[in-house]
Each structure stands twice: as structure tokens, then as C-alpha cells.
Amino acid sequence: MKRLNLLAWQIGVGLAFLAAWHVFSTVKFGGAKPPLDPFFFSTPLDVIARTWKSFASGEIWRHLWITLVETALAFGIGASTGVAFGFGFALRPKLAAIFDPYIKMANALPRVVLAPIFMLWFGLGIWSKVALGFTLVFFIVFFNVYQGVREVSPVVLANARMLGMNDRQLMRHVYWPAALTWMFSSLHTAVGFALVGAVVGEYLGASAGLGYKIHEAESVFDTTGVFSGMVILAAVVIIIDVAMTMVERRLLVWRPNHDSGAHQT
Amino acid sequence: MAAATPASGLRTEPAPALARNAVSLEGLAIAFALGSGGHYRAVEQIDLSVADGEFVAIVGPTGCGKSTLLNAAAGLLKPAEGRVGIYGEPLSGLNRRAGYLFQQDALMPWKTALANVAVALEPQGVGAAEAQERARQWLGRVGLSAFAERYPHMLSGGQRKRVALAQMLIRNPEILLMDEPFGPLDAQTRQIMGNLLLDLWAADRKAVMFVTHDLEEAIALSDRVVVMSAGPAARIVGDYSVPLARPRDIADIRLDKVFHEIQREIWATLKVEVQKAYAQGEGRA
């Protein structure tokens, strides 16, 4: 009951927003133009029609596919290197101390400024976008895993050692699961950033992809096209996020407040 | 897998005084480095031995370094002075012959109760299937057969302690080190856990060092109660044997006359230290 109620409200807010957009971009209220000039703001119906058309004609699929491939590569490569480095540094504090200032520096750098240099290095194809997404994903995962491994409960660790575990067993039964938790808590953000990297890269220079489509629409003042691209992007992010949540639920069943099966006896 | 404990007569070399004891602490002092550069001496001049099969409880005011002694016997802490002998051999590194029951939750939260117990056999090279089977038996022994697939957060505090107990005992360690294991539990659960511990222990009497701040619990469980002074630089100020018959029920035994006499006697010593510790605490605040 409560869930349905909430859902009704959520849908209501969306519809109200669309209705307001529609009214203010089509009704003139006595002026020469509607308060939201459709040239700059488009109208919801146009955006929906355009989105529908681009899927129906099939021309969007190619762009969507390329953006998703870039996202997946950036995420996969970034997350795995992030895990490897996070682990390595957490278990070798000296190494971590030496590299600390450089890592901070690299992380402080706004990643967008790297896009031109990646473009030079990797060309206009997908790899310059993957590289940009990589720099975003890597640091999120890296910091989370690094933190996760270092903050393994000392009691759990001491207990595992008293059970006679060697380094390899400690890694498998203690460090790795601990790091995995933190990796997963950063996963939602990381996937989002992988997509951001791909789209921004495409926006700055590409011949295909959703970012390219949006840029193309923008350069001919086609606001409907820009909004349509944004709607598709948002939908993709939501779908990925739902999938992530499902994977996370599956892998982190042991965590408190994570599934309804939890009860105290 | 030789079940025989190293009998003193068979050995030629090691010090005979050490050989009979499961644990012997000699002239032990433990210090911690302080952030300010100085040292905090937690305990000093500790001479304590635990015979094979003996259940020794260590009581003392909070912060007196009781747990420090356990950690030294476990090899988790290096003493600043003195030596730790385990069955006559000087301890270096972790104490492989001891099991440790921590006060805090020490189970791996990402493993089920069953997996937590079974994993304790992995370092001994027991195969996964056999480890599972034996873990199931141990969960049965601690009364948790129905909870094998639960994760620690789905268990109550008392149930988690039972899993930890099974995890420690499944390895069949020769020495049990317990650091206020039932401290966080409520009074009734403590009694149930105490009786469970005594039952399991009676099966193959291992040497036990049991740290607690609860004098009644100490007397009810142990053969010997050791009293420590208030810290810093805590020492042993009393050593009392508990001549109560076994098997015991730790709820009933508290009504025994002898129990009260022992309690009165030990409390006379402990009270002074508790008051000292309390006064120090007030002074610091």
C-alpha cells in the first residue's frame, strides 16, 4: 500500500513537471511567444516524438552502442586497475607514502582538460573516450579499495591470524571480501563517471556516440535534439543503475540492512 | 597429530619448570609507545603459569592490562621484558597452539555461520567438504544447527559468541585464551554461555586463560583466580584456588557456601584495586 502510494506520488511529480513544461512552452498567455520559447526549450511532445523517431528509424542504436562500449571499457579497465592499485598500495604502506602526493595531484586535476591530449594520443575513435572515462573511474575505485583494505577491522584480522591463516588465506578470506564491499559501494558512482567520460569525450570530438549526437544537434540550434539525447542518456543511466543494484544485492547479502531476510532472534 | 602432550620426563633440554605448564609468563613487562614519545607500562613483573588442563581466570579493575597478558600469550603482542613459554618452548611469533576468543565480534561478516566455522580448518589443510561436515557438527554442539546459513548480522549477540566459540574449538587448540568473551552479553545469556563453555571444556580439559571483570563469573568457571592490581604497571596481587567440585552449574554454584567464602576473600583484595582504579579515573577526569 505504502509502496504504491509512493509510486503514485513519484509519477505525479513527473507528470506535473511535463505538464508545466508543456503549458509554458505552448500557451502564449497573451504575449507574442510562450514564456518558454520553444526555440530554446523545445516542448515535451516534440522531444518524445523525436526520441521515438530516432529509435524507430534505428539510427540511434549505433550511437548508443558505441557509447555503451566506451562506458563498459572505461569501467572495466578503470575498476580492475583501481582494485589492483588499491590493494597493492594498501598492503605496501611505503609505496603508498611515496606516491601519495602524485596521486593527490592527479586526482585534483579536472579530468576534462585531459580530453584534448587523449585525443592527440588516441585519435578520434573510441579509445580517447575510454581513456577519459578510465581516469574518472580509476580514482574512485582506487580510493575506495585502498580505504577498504586499510580499514579492515583489526579484530577480524587478529582473529583470522589466530586461526592460523597465512597471507594468501588472509587475502582470500579477509582483505578481498572487505575490499569488494567498498568497491561495490563505489560502483554506482563509477559507472556514472564512466558514462560521463564517454559522453564528454564524444562531445569534444568524435564521429559517433550519444555525446556526438547531442553536440551535432546543438551546433544547428536543434534544442529538441539536445533534449532527446539527454532523455536517452538518462534512461540508459537508470537502466544501468538498476542492474548494478541487482548485482550488489546478490553479492552483498551478508551486509546489514541489505535484504529483507535480516532478522534478530 | 600426536595427542600426547609433551610430558616433562621425555624431554632432556628445556627448563623443567616450564615444561609442565601450558603457558608460563616469566618476569613479563609490556609497554606501549605513546604518541608523545614516552612509554606507557601496562603490566610488569608478571609471573604466571597455567598448567595443562587448568582453568585460570584473571580478574582486575578495568584498564589494568588483563587483555594485554592474553595478547602476550597469544603472540599478538611482544613483551618488553621477560619471556613467554608455551609447553616449555619460548614463544616466537603467533601462538599456533592457542585459540583466542575475542570480546568484540571477530567473525567474518561476509561469511555465514557455517562458513565462519569451516574456514577455521582451512589452515590445517582440511578439505572443503570435510570442513563443512565438521563445522555442521560443531554448530550442533553449540546449539545453532538451525542457523548455519545465517550471516553474523542476522544472529543475536549470544548466537554470534556461540559461532565464535565453535570457530575456536573446531581447530582443537591446546590452549584457550578468552578475553571477556561474554562481556557484551546480558546476564541470562552469560550464564547459558558459561555453562556451555564448561560443558565443552569438560570433554577434554584444555588449559584456559579467561579474562573477566566479573568476579562471580571468574569463580564459577575457574580452578584458580588471579587478581591484578590497578594500572599502570599492573602486577599480580593475588592468586586463589577455587576448590569447588565439578561439574558445576554456574547459576547454582553461586548459592554455595564455599563460593561465598572464596568470593569474600578475593573481593577483599580486588576491592582495594578497584577503588584505586576508580580514584585514578576521577583524578584524570
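Me: How far apart do the C-alpha centres of domain 1 of chain A and domain 2 of chain A lie?
Reply: This is a predicted model, where local features need pLDDT of at least 70, side-chain atom pairs count only at pLDDT 80 or more, and totals for chains, interfaces and linings use all residues. Residues are numbered from 1 along each chain as its sequence is written, chains are lettered from A in the order in which they are written, and side-chain values use heavy atoms, leaving out hydrogens and water. The domain bounds come from an automatic or database domain assignment, which gives domain 1 (1–38) and domain 2 (42–262) in chain A. Between their C-alpha centres lie 33 Å.

Me: Which residues of domain 1 of chain A lose the most area to domain 2 of chain A?
Reply: Buried area is the accessible area (1.4 Å probe) that two parts lose on being put together, summed over both. These two domains of chain A bury about 550 Å² between them, 72% of it on carbon and sulfur atoms. On the domain 1 side, 76% of what is buried comes from A:Trp21, A:His22 and A:Pro38 together.

Me: What about chains A and B: which side chains meet in a salt bridge?
Reply: Chain A and chain B bury about 2,600 Å² between them, and the contact (heavy atoms within 4.5 Å) takes 25 residues from chain A and 30 from chain B. A salt bridge needs a side-chain nitrogen of Lys or Arg within 4 Å of a carboxyl oxygen of Asp or Glu, and the count here is one. At 3.5 Å, N to O, the pair is B:Glu122 and A:Arg172.
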